[in-house]
Amino acid sequence: MTESTAKAHRTVSRVTDILETVAAAQPGGVRLHELTRALDAPRSSVFGLVKGLVATGYLLEEHGSYLLGPALSQLLEVQRPPSLTEAAHPALETLRDRFGETASLATAVGDSIVYIDSVESSEMIRYSAPRHTRRPLYPPSAGKVVLAHRSRRRQEAYLADRIDPDGLPAVLTELERVRANGFSINRGETLPDVSAAAAPVLVGGKLLGVISVAGPSTRMGPKLDEIAAAVREAATATVKRV
């Protein structure tokens, strides 16, 4: 069977935007006019989608505000590996203690990565991972790992509108190297003064998450190769605990 390329769908995007906006506003909830403004969509369209989500239990309506409903919680309990965060957290603490930089755990969410756990550096100047926020797959180090474990067709489809055609071969070669080496490196590609290394948490060939370490390039740069090797070891150790 030929693999199809995912494409955005306006209605699906609006539904997911509603759920993510409500989730970000928990526990206070979001009112309809706030959702309309956040989505930059007609009130009537947003109202219809919201009422549909309430009817199916994905949202709750309380005193004019909308909150996440029980159906979403039940779905997440089925789909999300319940032990991933617990399994990876000791590795994050070990990496933070060893290198003094922020260590994080991310998962793939569609064509994005989302950091779901982190142990921050105690340094005054440090990288702070934006948790529960969608980030692009390229060029963040964690996103490179996700892309590296996707088919060439999906890689090219994702990168087509994001990378200059002349630079695409080099990026695809980099992703091959990431998969072969078991880690990725980012030297100031996302933020000029931040460097990072990331490695996949693979169980039975399936990518469950990505562990990374990030910090100021002035501190990370001289030991980035050492950090990359340590992150790869931490990911392997996490697999044994999943």
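Which residues of α8 are buried? I noted first that I am working from a predicted model. I then read off Val171, Leu172, Glu174, Leu175 and Val178 as the buried residues of α8. They share one side of the helix, because the arc they cover around the axis is only 155°. I recalled the general rule: an α-helix has 3.6 residues a turn, so residues three or four places apart point the same way. On the other side of α8 I found Ala170 and Ala180 exposed.

Next I checked what the buried side packs against. The buried residues of α8 meet α6 (141-148), α7 (152-159) and β7 (184-187).

Helix α8 runs over residues 168-181, 14 residues in total. Its first and last C-alpha atoms are 20 Å apart, close to the 20 Å expected. Gly182 follows α8, and its phi is positive, near 85°.

**Entry: salt bridges**

I counted eleven salt bridges, taking a Lys or Arg side-chain nitrogen within 4 Å of an Asp or Glu carboxyl oxygen.

I looked up the Glu189 and Lys144 pair: N to O is 2.8 Å. Glu189 sits in the loop between β7 and β8 (194-203), Lys144 in helix α6, and 45 residues separate them. Is Lys144 buried or exposed? Lys144 is buried, at 0% relative accessible area. Glu189 is partly exposed, at 36%.

Arg98 and Glu226 form another salt bridge, with the closest N and O atoms 3.4 Å apart. Arg98 is in helix α5 (residues 84-99) and Glu226 in helix α10 (residues 224-241), so this pair ties together parts 128 residues apart in sequence. Arg98 is partly exposed at 49%, and Glu226 is partly exposed at 42%.

I also logged Glu120 with Arg126, at 3.0 Å from N to O. Glu120 is partly exposed at 28%, as is Arg126 at 39%.

**Entry: sheet**

In what order do the three strands of the open sheet run? I read β1-β3-β2, with antiparallel pairing. The edge strands are β1 (30-31) and β2 (59-62). Two bridges join β1 to β3 (residues 65-68). Arg31 stands opposite Ser65 in β3.

Helix α1 (residues 10-25) lies across β1, β2 and β3, at about 90° to β3. Helix α3 (residues 43-55) packs on the sheet too, touching β2 and β3. I noted about 105° between the directions of α3 and β2.

Notes. Residues are numbered from 1 along each chain as its sequence is written. This is a predicted model: local features need pLDDT of at least 70, side-chain atom pairs count only at pLDDT 80 or more; totals for chains, interfaces and linings use all residues. Side-chain values use heavy atoms; hydrogens and water are left out. Two strands pair if DSSP finds at least two bridges between them. Helices (H or I, at least four residues) and strands (E, at least two) are DSSP runs, numbered from the N terminus. Contact means heavy atoms within 4.5 Å. Axes are lines fitted to C-alpha atoms, for helices over the stretch in contact, and angles run from 0 to 180 degrees between N-to-C directions. The expected span of a helix is 1.5 Å times one less than its number of residues. Buried means under 20% relative accessible area, exposed over 50%, partly exposed in between (1.4 Å probe, protein chains only). The arc is that of the directions from the helix axis to the C-beta atoms.
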